[in-house]
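User: I have a model open and want to go through one of its chains. Can you take my questions as they come?

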Amino acid sequence: MISIQGSLNAWPARICGALLAAAWLSGAAPVAMAAEGPRIGSMAPDFAGTDSNGKGVALKDLRGRIVVLEWSNNQCPFVGKHYHSGNMQSLQKEATKEGIVWLTVLSSAPGEQGNVTAAEANALTRSRGAAPTAVILDPSGTIGRAYGARTTPHMFIIDKTGTLVYMGGMDDKPTTDLADIPTAKNYVRLALTAVIAGTPVQDPVTRPYGCSVKYQ
Amino acid sequence: MGLLVNRNISASLSALVALFAFGCGKAASAAAESAPSEPAHVIIEALSDQQSVAPGQTFRVALVERIQPGWHTYWINPGDAGQATRLRWTLPSGYRVDEVQWPVPQVFRSGPLVTYGYEGEVVLLQNVHAPAGLASSPANLSVEAQWLACQDICIPEHGVAQVTIRQEPTAAQHVPSASTTVFTTASERLPRPSPWGASLAVGGASVVLTVHGIARDLPSSAKVQFLPLTWGEIDNAAQQRTVRSGADLLLTLARGDLRSSALAGLDGVLVLGPGSGQLQGQGFLLHAAVSGADAPRAK
């Protein structure tokens, strides 16, 4: 880096800057770039975890199925919006009826809000009338970090080939107000409809909104 | 509405004057999702920078958030999580209010996540335009505020505050309110238009933001950080690499969730951090358009 700068020191600053910018973007920079996050159209990051019934769940075993990942924290008011209204449960039921695998992922670290035991996770599923295929306990945040999950909820959809086809929010009304749900554009339902029909997802990347994932 | 806090500083004046509370506000706030007995984590107050308004005049209003220690509220771009404060003013007929002028935020890092917001006290300024025709009765300006207060956990809260201002249908005399210093201090915390131009080169995984000429004005020890105004363009948590090139400063920024989409430009606030000398703590509004021929195309 120093040698590049040194060799260009005599150049007009504007040209030098542009060249440096080009050099960095082409990968010539001697420093490592930040790790790339998940990318639509690329293979979804692989993961293996354990669900609330002690069963192993590995993404590679789910090829041929559409997979939904839902990051959750039962005490987050943004999650509450979608569960108190029944919005999340009805989408889970619609999806699983279509053979879609719905995985609720809990990445709250021990001692943090939303960290629950396996038994508590199952009790929450029962009491809320939730219908995920499984609830994955991820207290180390390994799966969350692999997906760059930032909020609860934060939603991802993976198609039958293992390709990431949606990442983002539940809908386009980033509030905690239950009254916003009927008029919101539910990006996840629209994306699932498209994936089932084999058509492109209209809005494959949207802003996730909610509480921060309570990582370690 | 749960908690109601009157912060009427006109107590020594007559009851009538106190009722109109010239230039002062009344604050009220309530936690939406918490039990009625639990106080809100933010107390709000509405202020005006003038005691009276003349026809067609522009003046400023402020929403003050007093935030409980350890808690914070959010900038227009909250970053990786959270929610910006939302204000909805109810004004007399013919009055118009401009967008919120957001002060330079603080950067909060929590694990792998970065959010932008405010601790302690924040003042959100807005310009208000009075109509050409004014009644002679006082005008009541009311604001409904919704904010997300977060510590480790987040609680959505809301409140209503109002400020009353005299209307002077004939006079054009500007009479400052008792809150002038609040407005002066708040103005100093706003990002300023950048005196330095900026350009952008876009790659598949990162962008290089070049700020032209800034290196002439900044000590070499200066730490700077670019805060994007909108979601998805920049990875908030990624390290920002800066390198000087003559008079220019180049910032390499990892792209955000919208990394697969075209990017025509970038808007944000360049915050001058430790080592910036007299400019330390100041923020400058940057607009960087993709530069022409020398810009590599996104993959």
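The chat below goes through chain B, from confidence to strand pairing.

Analyst: Go ahead, and keep in mind that this is a predicted model.

User: What ipTM and pTM does the predictor give the complex?
Analyst: The ipTM is 0.83 and the pTM is 0.85.

User: And what is the mean pLDDT of chain B?
Analyst: Chain B has a mean pLDDT of 85, with 83% of its residues at 70 or more.

User: Where does pLDDT stay under 50?
Analyst: Residues 1-37 of chain B are one such stretch, and the model has 85 contacts beyond four places in sequence for them. Residues 293-299 of chain B also have pLDDT below 50, with 16 contacts beyond near neighbours in sequence.

User: Switching topic. How many helices and strands are in chain B?
Analyst: Chain B has 2 helices and 22 strands.

User: How much of chain B counts as buried?
Analyst: The share is 46% of its 299 residues.

User: What about contacts in chain B between residues at least 6 apart in sequence: what share join residues at least 24 apart?
Analyst: That share is 72%.

User: Now the strands. In which sense do β6 and β12 of chain B pair, parallel or antiparallel?
Analyst: Antiparallel: β6 (residues 58-67) and β12 (residues 121-129) of chain B are joined over 9 bridges.

User: Which residue is the bridge partner of B:Val61 in β12(B)?
Analyst: B:Gln126 is.

User: How many bridges join β9 of chain B to β12(B)?
Analyst: There are 2, and β9 (residues 96-97) runs antiparallel to β12(B). In this part of the chain, B:Arg96 stands opposite B:His129 of β12(B).

Technical notes:
Residues numbered from 1 in each chain as written. Chains lettered and ligands numbered in written order. Predicted model: local features only at pLDDT ≥ 70, side-chain atom pairs only at ≥ 80, totals over all residues. Helix = DSSP H or I, 4+ residues; strand = E, 2+ residues; numbered from the N terminus. Buried ≥ 20, exposed ≤ 12 C-beta atoms within 10 Å, placed from the backbone. Contact = placed C-beta atoms within 7 Å. pLDDT = per-residue confidence, 0-100. Pairing = 2+ DSSP bridges.
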